[in-house]
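User: I'm new to this one. Could you take a close look at a single part, the open sheet and the helices lying across it?
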Amino acid sequence: MLRTVLLLLFCQSIMSVSEGYARQNGQGATKGTGPTRIEWQTDYGEALHTAEAQHKMMCVWFCGASSNTFQRQFETISLRDPKVAKLLDRYVMVKLSTAATIIVNGKPLRLLDHGAFRELKRGPGVVLIDYAHRGTEYYRHVVTTLPFTAGKYYRFHPSHLAVALNLPAGTLTQRTLVFAVRIHPERPASTHGQIDPNLVQAANSHSHYQSRILVQGHHHWNSRFPRLRRLLFGLHPQEIVAESWPNEGVVDAAVDVVDSWHHSSGHWQAVYSKQNRFGYDMKKGRNGIWYATGLFGNHQ
């Protein structure tokens with residue numbers, strides 16, 4: 001059994017971050033220095049409406065009062081990365097204090113205490129919120145978190161912002177697992193192909209199934225294989241699975257599961273190889289353990 005940690009931010013739907021608007025000192029936008037010249041919005045409510053109206057993603061930087069190493073790297077390296085500059089037209093960029101508040105049910109609430117931002121553990125970091133894909137389950141939800149507080153497995157690196165900004169559309173768990181694959185030092189190629197909605201849905205479904213029965217495995221693969229083969233128009237389906245230690249954060253979990261796959265030659269061959277089609281997801285069981293599935297379609 002693989003030792004992996006696979007965790008969703010929530011076992012129910014992630015709470016929408018558009019329940020309130022931020023009360024900030026200062027309004028409008030400020031321009032950053034350096035070659036990237038980012039337009040930083042400082043009013044959360046205005047930025048939210050702008051992102052929704054323009055069908056853009058929202059990148060929110062929660063800036064701590066005292067700067068740690070990761071936050072300094074983010075400011076001095078990540079934001080000056082030419083790869084980041086090429087992706088900014090997809091985003092409304094927002095800079096907030098970690099003390100910023102919103103109004104929920106008529107009462108002020110510190111924004112980082114809102115459940116949607118739980119994975120930042122009330123500390124500085126970056127979240128991406130999807131206002132670009134209307135009609136999806138992840139619209140208006142947090143789909144990526146990059147904490148500046150070191151976790152058990154995850155440490156922010158300046159290159160991670162560019163990776164996060166260029167992830168395929170999906171839920172928090174789907175994107176975070178793809179993120180963990182892409183930041184692995186050996187640069188595995190399984191996510192360089194085309195993300196396939198059928199494989200994503202199948203990975204979601206099988207992860208849910210494992211989490212319900214609390215057993216990791218390739219259950220009913222003999223019946224799922226021909227169905228996936230038809231959906232992939234004859235490409236050869238392949239599946240990898242993993243389970244976790246309980247109670248890990250979503251980014252730590254994804255990094256750990258990829259590392260676990262790395263320690264299994266058969267699993268790593270699938271993750272490392274170029275795949276024509278791919279889909280990843282992970283879900284949490286009532287035992288606190290998280291279950292992951294990677295599915296691929298390739299020519300034999």
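Analyst: Let's begin with some terms. Contact means heavy atoms within 4.5 Å. Axes are lines fitted to C-alpha atoms, for helices over the stretch in contact, with angles between N-to-C directions running from 0 to 180 degrees. Helices (H or I, at least four residues) and strands (E, at least two) are DSSP runs, numbered from the N terminus.

Keep in mind that this is a predicted model, where local features need pLDDT of at least 70, side-chain atom pairs count only at pLDDT 80 or more, and totals for chains, interfaces and linings use all residues. Residues are numbered from 1 along each chain as its sequence is written, and side-chain values use heavy atoms, leaving out hydrogens and water.

Now the sheet: 4 strands make it up, it is open, and the order is E10-E12-E13-E11 with mixed pairing. Two strands pair if DSSP finds at least two bridges between them. At the edges sit E10 (194-195) and E11 (236-243), each pairing on one side only. E11 runs antiparallel to E13 (residues 290-298), and 8 bridges join them. Along the way, Ile240 faces Gly294 in E13.

Then come the helices. H5 (residues 172-182) lies across E12 (277-284) and E13, at about 120° to E12. H8 (residues 250-262) lies across E11, E12 and E13, at about 120° to E11.

Rings of Phe, Tyr and Trp (its six-membered ring) pair if their centres lie within 6.5 Å; planes under 30 degrees apart are stacked, over 60 edge-to-face, the rest tilted. That rule gives 13 aromatic pairs. In one of them, Trp261 and Tyr280 have ring centres 6.1 Å apart and planes at 40°, so the pair is tilted. Trp261 belongs to H8 and Tyr280 to E12, so the pair ties together parts 19 residues apart in sequence.
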